[in-house]
Amino acid sequence: VERRDEKEKKQVRLKPLREFRSFLEEPGKFLMIPGEEISSSYAKLPVHMNGINLRDVIPAAKGNNVAETIDVNVRGVSAQRKKTGWKMLAILNHPNFGWGVRAEDMLMSEELKFFEIFNGHPGVRNYGDPTHASCDRIWDIVLTLRLAKYKLPIIHGVATDDAHGYHEFGVGKVNPGRGWVMVRSQHLSAESIVRGMEAGDFYASSGVTLDDFGRKDNELSIKIRAEAGVTYKTQFVATMRDVSLDSKPHLDKDGKGLEVTRLYSDEVGKVVSEVEGLNPKFTFTGKELYVRANVVSSKPHPNPYQKGDVECAWTQPTVP
């Protein structure tokens with residue numbers, strides 16, 4: 001650490017990645033990948049993106065609404081990727097932070113491929129509230145409408161810790177170790193990891209480890225790595241092709257529509273099977289738009305996002 005006193009103020013020099021990565025990286029074991037939180041907004045609504053494996057800083061851009069703000073910032077990452085030839089990706093961060101992003105804002109962006117299904121920051125409201133949809137619910141609405149109505153590709157779900165604090169740990173603190181992704185990657189390189197994520201060959205986790213996951217023939221199967229004294233329940237979540245896409249607004253006490261994610265059928269993102277044990281499986285019937293899995297353990301999280309949380313994992317949606 002380089003320090004100096006300047007006009008009676010203590011200063012620390014912030015070093016660029018190239019100066020310190022050699023002290024931390026280990027070939028085949030640990031890699032640092034540059035990124036940026038592109039912090040934009042529409043009006044007072046926060047719209048934040050993560051650019052992963054960037055070469056240059058991307059200034060935050062603004063659109064004429066939330067959906068357009070998402071679009072222009074995703075395109076900023078795409079433009080740098082095209083210019084440099086580097087493998088990069090853009091992730092929409094914490095949609096419920098400041099209640100900034102509704103499911104409807106994520107529907108039409110063809111280039112949006114990732115968003116945070118879970119974020120470990122205590123202020124991001126992953127689980128929603130009686131008026132606002134949870135991130136899980138947002139994911140199912142977006143998947144359903146993109147596949148059934150707009151004929152667009154799926155969006156993948158990632159988990160992150162959004163760490164800001166590294167010295168004091170506990171509920172309400174902004175600590176590392178609450179969320180991450182596990183990627184099948186041939187090499188420990190940024191390019192290989194981005195390729196794996198773009199292929200959907202990864203899962204999100206807040207603690208549960210999967211030894212295997214994926215589709216073979218007409219079956220979606222998972223192998224969960226056991227921990228002593230811990231039990232596991234896997235919920236297979238799906239929307240069927242014949243689901244109603246009708247929706248209605250949330251109303252306030254005066255009967256006025258609220259600018260929040262609309263109300264959709266309970267058949268959107270329905271738990272179609274629940275399996276106990278280490279080797280859960282789901283057989284496709286051909287009626288599903290998609291199927292994804294939530295793996296819920298009985299193990300309390302050692303440093304939870306919210307008091308009472310247990311360790312979980314989320315697989316990516318599979319389209320039959």
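Which strand gives the most to the lining of the second largest pocket? Look for S18, which supplies three residues.

This is a predicted model, where local features need pLDDT of at least 70, side-chain atom pairs count only at pLDDT 80 or more, and totals for chains, interfaces and linings use all residues. Residues are numbered from 1 along each chain as its sequence is written, and side-chain values use heavy atoms, leaving out hydrogens and water.

View 1. A pocket is an open set of points on a 1 Å grid over the protein atoms alone, where a 1.4 Å probe fits, with protein on both sides within 12 Å along at least five of seven lines; lining residues have an atom within 4 Å of a point. Of its 45 lining residues, Met32, Ile33, Pro34, Gly35 and Ile52 lie nearest the centre.

View 2. Strand S8 (180-183) is among the elements giving two or more residues, and its four are the largest share. (Strands are DSSP runs of E, at least two residues; helices are runs of H or I, at least four; both are numbered from the N terminus.) The lining has 26 nonpolar, 11 polar and eight charged residues.

**View 3. The second largest pocket.** Here there is about 270 Å³ of space. Its 19 lining residues include Phe118, Tyr127, Asp136, Cys312 and Trp314, which lie nearest the centre. Helix H3 (135-148) and strand S18 (310-315) are among the elements that give two or more residues.

Definitions and conventions
Ala, Val, Leu, Ile, Met, Phe, Trp, Tyr, Cys and Pro count as nonpolar, Asp, Glu, Lys and Arg as charged, and the others, Gly among them, as polar. Grid points are joined across faces, edges and corners, and a volume is the space filled by probe spheres set on the points.
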